[in-house]
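Here are my notes on this model, point by point. Please keep the structure open while you read.

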Amino acid sequence: MEVEEMVRNKGARFASLVAVGVLAFGALAACGDDSDGGDDGGGGGGGEAAGKVGVILPDTTTSPRWEANDRPSLEAAFEDAGVEYDIQNAGGDTAKFGQLCDSMINGGVTVLMIVNLDSESGKACLSKAADAGVQSIDYDRLTLGGGASYYVSFDNVEVGGLMGSGLTACLDEAGKTKANIIYINGDPNDNNAALFKQGYEEALADKIDSGDYTLVGDQSGFWDANKAGTAYEQLYTQNKGKIDGVVSANDTMAGGIIARMKDQGVAGTIPVTGQDASVEGLQNVLAGNQCGTVYKNTDLEAKTASDLAIALINGDDEGAAALATGSVPDTETGEDVPSALATPVWITADKVQQVIDDGFADPAEICVDEFAKACEKAGIQ
């Protein structure tokens with residue numbers, strides 16, 4: 001799908017989302033490419049709000065979602081709301097992240113929205129924004145010690161919980177009531193990775209405490225397919241092949257793990273979790289090599305982030321507070337950050353159509369080559 005077509009499709013979906021109250025976020029509020037994808041971020045909007053929002057995305061490697069989903073979702077949200085915007089990608093480079101931060105603040109953005117690369121560089125950026133009188137939104141990842149005005153994300157503990165309970169369901173389906181399991185965690189510098197892990201540890205605690213499951217490995221894959229694959233392979237060797245299930249904290253890492261499983265001839269026999277509902281992740285789910293993936297509809301994040309930005313631009317403190325119906329603790333400062341959190345969804349092969357129906361994924365990209373038959377079997381349209 002061309003980027004322009006994707007943006008148009010997302011724009012059409014936003015009109016529908018607005019009409020029905022933006023699903024989960026709206027219901028809550030009612031109660032109260034080049035390799036970086038970075039230098040052509042662009043602005044737009046009809047200027048209905050008298051201000052500009054700057055957005056810094058983190059990279060293109062830890063997950064394809066940033067450019068494939070979040071950028072067009074945010075663009076569509078800002079366009080729909082008539083907000084001037086500038087979206088850039090730091091390309092995984094903290095120096096570039098800092099340069100973009102300085103440029104946006106000096107360029108007069110009214111609101112700065114960031115997905116940090118790590119809390120240290122993210123905190124430095126948010127501190128500069130505060131000094132310049134620019135309000136800030138942590139998008140998807142909370143910057144520890146950063147003091148952002150608001151945080152918009154999904155319930156990341158629940159994301160991890162879905163992976164843990166999903167693994168149990170897959171092991172049950174395979175008839176494995178006793179299992180050796182391993183964790184391949186995200187980057188330890190990413191606060192979300194800690195929240196995901198909290199979620200799957202809580203979900204699997206009873207099984208581990210009872211002795212039904214034995215945790216035989218716990219390593220970081222750093223959101224990298226090769227590093228995750230290597231970590232899995234080392235644990236597989238250390239345990240002499242006696243691995244029954246793998247919690248992988250996202251689809252990118254799951255892909256690297258599954259590649260090693262294919263080399264070992266065990267792909268499809270050891271359940272592996274994932275997150276992001278990426279094209280590769282959905283393909284692996286349909287093919288039976290991945291037991292499921294956590295789907296986070298970025299339209300929900302983007303629409304709420306856009307609404308928050310507009311409220312902050314217009315000085316509408318009550319409107320902003322109505323959107324932030326919860327809070328998330330900053331473990332560094334001890335302060336609670338006003339937050340708007342959406343609910344994630346666990347996707348197995350029989351639910352992939354939901355992701356497609358939402359416009360989040362394109363069957364023309366998923367159902368290619370060896371995956372065509374799997375799509376036909378799952379009734380993908």
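1. Start with helix H10, residues 279–287. This is a predicted model, and six names make up the buried set of H10: Gly281, Leu282, Gln283, Asn284, Val285 and Leu286.

2. Look just past the end of H10. Gly288 sits there with a positive phi of about 85 degrees.

3. Now turn to the sheet. Three strands build it, in the order S7-S6-S8. The sheet is open and its pairing is parallel. Strands S7 (213–220) and S8 (245–248) are the edges, and each of them pairs on one side only. From one strand to the next, the twist averages 20 degrees.

4. Check the pairing of S6 with S7. Strand S6 covers residues 179–185, and seven bridges join S6 to S7 in the parallel sense. Which residue of S7 does Ile182 stand opposite? That residue is Gly217.

5. Helix H8 (residues 225–238) touches S6, S7 and S8. The direction of H8 makes about 140 degrees with that of S7. Helix H9 (residues 251–264) touches S6 and S8. The direction of H9 makes about 150 degrees with that of S8.

Terms used
Residues are numbered from 1 along each chain as its sequence is written. This is a predicted model: local features need pLDDT of at least 70, side-chain atom pairs count only at pLDDT 80 or more; totals for chains, interfaces and linings use all residues. Side-chain values use heavy atoms; hydrogens and water are left out. Two strands pair if DSSP finds at least two bridges between them. Helices (H or I, at least four residues) and strands (E, at least two) are DSSP runs, numbered from the N terminus. Axes are lines fitted to C-alpha atoms, for helices over the stretch in contact, and angles run from 0 to 180 degrees between N-to-C directions. Contact means heavy atoms within 4.5 Å. Buried means under 20% relative accessible area, exposed over 50%, partly exposed in between (1.4 Å probe, protein chains only).
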